[in-house]
Amino acid sequence: MKMPVKVKFATKTGFCFGVKRAVEMAEAALKRKGPICSLGSLIHNEQVVTALAAKGLRIAKNVSDVKGGTCVISSHGISPVIAEVISAKGVKIIDTTCPFVLRAQKIAKCKSLAGYRVIIVGDEKHPEIKALVGFVSTLAIVVKDGKEARALKLDNKAKYIVIAQTTQDRANFAGAVKEISAKRTKDLKIFNTICRDAGERQGAAMRLARTVDAIFVVGGRSSANTRRLYEVSKRKAKNAHLIETEDEVRKSWLKGVSFVGITSGASTPEWVVNKVVRKILEKGAVH
Ligand code: F3S
């Protein structure tokens with residue numbers, strides 16, 4: 001007898017507040033006249049980027065590719081210098097920087113102006129961090145984890161702050177903070193700038209992974225928060241899979257599986273999640 005697979009959802013799936021806001025702002029701008037581009041992909045989700053391109057949102061690969069009209073800045077933010085260069089071309093900027101990212105930028109700016117050196121726990125190649133270092137008046141230090149933090153040579157006469165990429169894994173941030181706190185400095189302040197949505201999604205994915213036979217993390221492979229969700233899910237469940245679309249669902253992953261957990265990255269729309277669920281229900285059955 002075949003029993004249908006049962007699907008359990010994490011408490012949070014679909015767009016986070018910041019990504020939803022960015023997509024809505026871009027869609028509103030697309031209704032106006034004139035050329036419009038985003039600086040890089042607006043969000044880390046291929047399906048949404050393709051849908052926006054069909055409505056007329058061109059992707060400018062870099063600043064020199066921003067040629068006129070309107071430029072939408074992603075929720076990851078933009079360095080003030082780059083924003084000035086774009087404005088100087090007479091281009092209208094629509095800035096969708098997420099308020100959680102703005103908070104980290106403000107802390108970095110204020111504290112560096114007050115004489116603190118800024119240590120960021122995050123991925124230096126990520127657009128959010130590339131923008132964030134632009135708010136620091138001296139050179140920012142970026143470390144990706146506790147190991148890199150341990151290797152840091154800090155000046156014991158200098159003051160430091162530590163902040164996080166908004167989508168950081170909480171345990172990774174805590175590990176880096178522990179290493180930095182063990183060093184001698186004149187002053188050290190810690191600001192946990194991990195956004196509430198990212199933290200809650202990670203916690204929900206871990207709890208879900210413990211209670212199901214297989215967990216699917218739906219989202220773009222280029223999305224940092226999706227990859228983190230996959231990492232935390234893998235820690236709790238052997239049968240964890242990161243997939244971008246329903247076409248990647250394999251029947252073999254569902255063999256002997258009764259309960260499937262579903263979670264998604266913050267830049268994955270509900271309609272992509274729903275297509276994945278339909279495919280799982282189609283392919284999955286306990287024999
Ligand atoms: Fe903002 Fe957090 Fe989403 S920083 S863009 S609400 S993952």
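Reader: Let us begin with α2. Which of its residues are buried?
Author: In helix α2, which spans residues 46–54, the buried residues are Gln-47, Val-48, Val-49 and Leu-52. Buried means under 20% relative accessible area, exposed over 50%, and partly exposed in between, with a 1.4 Å probe and protein chains only. Helices (H or I, at least four residues) and strands (E, at least two) are DSSP runs numbered from the N terminus.

Reader: What kind of model is this, and how are residues numbered?
Author: The model is predicted: local features need pLDDT of at least 70, side-chain atom pairs count only at pLDDT 80 or more, and totals for chains, interfaces and linings use all residues. Residues are numbered from 1 along each chain as its sequence is written, and side-chain values use heavy atoms, with hydrogens and water left out.

Reader: What do the buried residues of α2 pack against?
Author: They pack against α1 (17–30), β4 (58–60) and α10 (270–283).

Reader: And what is found at the start of α2 and just after it?
Author: At the start of α2, a side-chain oxygen of Asn-45 comes to within 3.2 Å of the backbone nitrogen of Gln-47. Just after the helix, Gly-56 has a positive phi of about 115°.

Reader: Changing topic: which residues surround the ligand?
Author: Around the ligand are Cys-16, Gly-18, Val-19, Ser-75, Cys-98, Phe-100, Thr-166, Thr-167, Cys-195 and Ala-266. A residue is counted here if one of its heavy atoms lies within 4 Å of the molecule.

Reader: How many of them are nonpolar, polar or charged?
Author: The shell has six nonpolar, four polar and no charged residues. Ala, Val, Leu, Ile, Met, Phe, Trp, Tyr, Cys and Pro count as nonpolar, Asp, Glu, Lys and Arg as charged, and the others, Gly among them, as polar.

Reader: How many salt bridges are there in the whole structure?
Author: A search finds 14 salt bridges, each being a side-chain nitrogen of Lys or Arg within 4 Å of a carboxyl oxygen of Asp or Glu. One of them joins Lys-12 and Asp-197, at 3.5 Å from N to O. This pair links distant parts of the chain, 185 residues apart: Lys-12 is in the loop between β2 (6–9) and α1, and Asp-197 is in helix α8 (residues 196–211).

Reader: Why does Asp-197 count as buried, and why is Lys-12 partly exposed?
Author: Asp-197 counts as buried because its relative accessibility is 12%. Lys-12 counts as partly exposed because its value is 25%.

Reader: Which residues are linked with Lys-12 in a network?
Author: Salt bridges link Lys-12, Asp-197, Glu-200 and Arg-201 in a network. Within it, Glu-200 meets Lys-12 at 3.6 Å, N to O.

Reader: Where is His-76, and is it buried or exposed?
Author: His-76 is in the loop between β5 (70–73) and α3 (80–88). His-76 is buried, with a relative accessible area of 16%. Leaving aside neighbours within four places in sequence, its contacts (heavy atoms within 4.5 Å) include His-44, His-126 and Glu-128.

Reader: Finally, how many residues has the largest nonpolar core?
Author: The largest nonpolar core has 17 residues, and Ile-119, Val-121 and Phe-173 are among those with the most contacts inside it. Helix α7 (170–181) is one of the elements that each supply at least two of its residues, and α7 gives the most, with four. A nonpolar core is a set of buried Ala, Val, Leu, Ile, Met, Phe, Trp, Tyr and Cys residues joined through side-chain atoms within 4.5 Å.

Notes
A polar contact is a pair of N or O atoms within 3.5 Å; within protein, one must be able to donate a hydrogen and the other to accept it, and residues adjacent in sequence count only if both atoms are side-chain atoms.
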